[in-house]
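Please view the structure alongside the text.

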Amino acid sequence: MRYAALATLVCTAISGAWILSAWLTRSEVRRARVRHGRHRRLPPALVFGHVALALTTAAAWTTFVVVGGQGLATTAVALLATTAILGVTMFIRWIPTYRSLTAAGGPGAAHRAPHERNLPLRVVLTHGCFALLTATLASIVLLTER
C-alpha cells in the first residue's frame, strides 16, 4: 500500500509541476505581488509555499518507503495535510477567476480577467484527485502499520 501511495504521489507531483509551469508562464507573477483585491487570486507566497511543502512531503514519504519508521510516516501525513490545506485554499481562490473566464463575454473581458484563468481545468482537477487519493492511501498506511 505504501508503494501505491508513492505512485499516486508521483502522479500528483507531475500534474502539480504542469500547473506550476502554466502558472509561471501564463500568469503575471510580478503583477500579483503588487496588485491587491480581485487580481490577486494566487499570490506567489501561497503558490511557492504549497510547492515547498509538497516537495518536503514527497521527500518524507519517499524516505519512509525506503527506510521505514512510524515517525517518518506520521511526519509525512502531517505535512501532507498541511500541503492539502494550502492546495484547497488555492483552489477556492482560483474558482472565481476561472468562472470569470466562462462568464466574461464581450470585447476586452479577457483582458480584464486575471491571468490565472488560463490554468488548465482538467489538469487542476486531476491534480486534486491524485492528491486526495494520495492522502487517503497514506492515511490508510499510517493507520494499518502501527
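## Aromatic pairs

Phe48 is partly exposed, at 40% relative accessible area (buried means under 20%, exposed over 50%, partly exposed in between; 1.4 Å probe, protein chains only). The model is predicted: local features need pLDDT of at least 70, side-chain atom pairs count only at pLDDT 80 or more, and totals for chains, interfaces and linings use all residues. Residues are numbered from 1 along each chain as its sequence is written, and side-chain values use heavy atoms, with hydrogens and water left out.

The structure holds three aromatic pairs (rings of Phe, Tyr and Trp, the last by its six-membered ring, with centres within 6.5 Å; planes under 30 degrees apart are stacked, over 60 edge-to-face, the rest tilted). Trp23 and Phe48 are edge-to-face because their planes stand at 75 degrees, with ring centres 5.7 Å apart. This pair links distant parts of the chain: Trp23 sits in helix H1 and Phe48 in helix H3, 25 residues apart. Phe91 and Trp94 form a tilted pair, at 6.1 Å centre to centre and 40 degrees between planes. They lie three residues apart in helix H4, about one helical turn. Phe91 is partly exposed at 32%; Trp94 is buried at 3%.

## Helix H6

Helices are DSSP runs (H or I, at least four residues), numbered from the N terminus. H6 covers residues 121-144 and has 24 residues. Its C-alpha span is 35 Å, close to the expected 34 Å (1.5 Å times one less than the number of residues). Its buried residues include Val123, Thr134, Leu137 and Val141.

His127 belongs to H6. His127 counts as buried because its relative accessibility is 17%. Beyond neighbours within four places in sequence, His127 is in contact (heavy atoms within 4.5 Å) with Thr12, Ser15, Gly16, Ile19 and His50.

## Nonpolar cores

A nonpolar core is a set of buried Ala, Val, Leu, Ile, Met, Phe, Trp, Tyr and Cys residues joined through side-chain atoms within 4.5 Å. The largest has 15 residues, with Trp61, Phe64, Val77 and Ala138 making the most contacts inside it. H1, H3, H4 and H6 each give two or more residues to this core. H4 gives the most, with five.

Apart from this core lies another, of eleven residues, among them Ala22, Trp23, Leu119 and Val124.

## Confidence

Mean pLDDT (the predictor's confidence in each residue, from 0 to 100) is 84 for the protein chain, and 77% of residues reach 70 or more.
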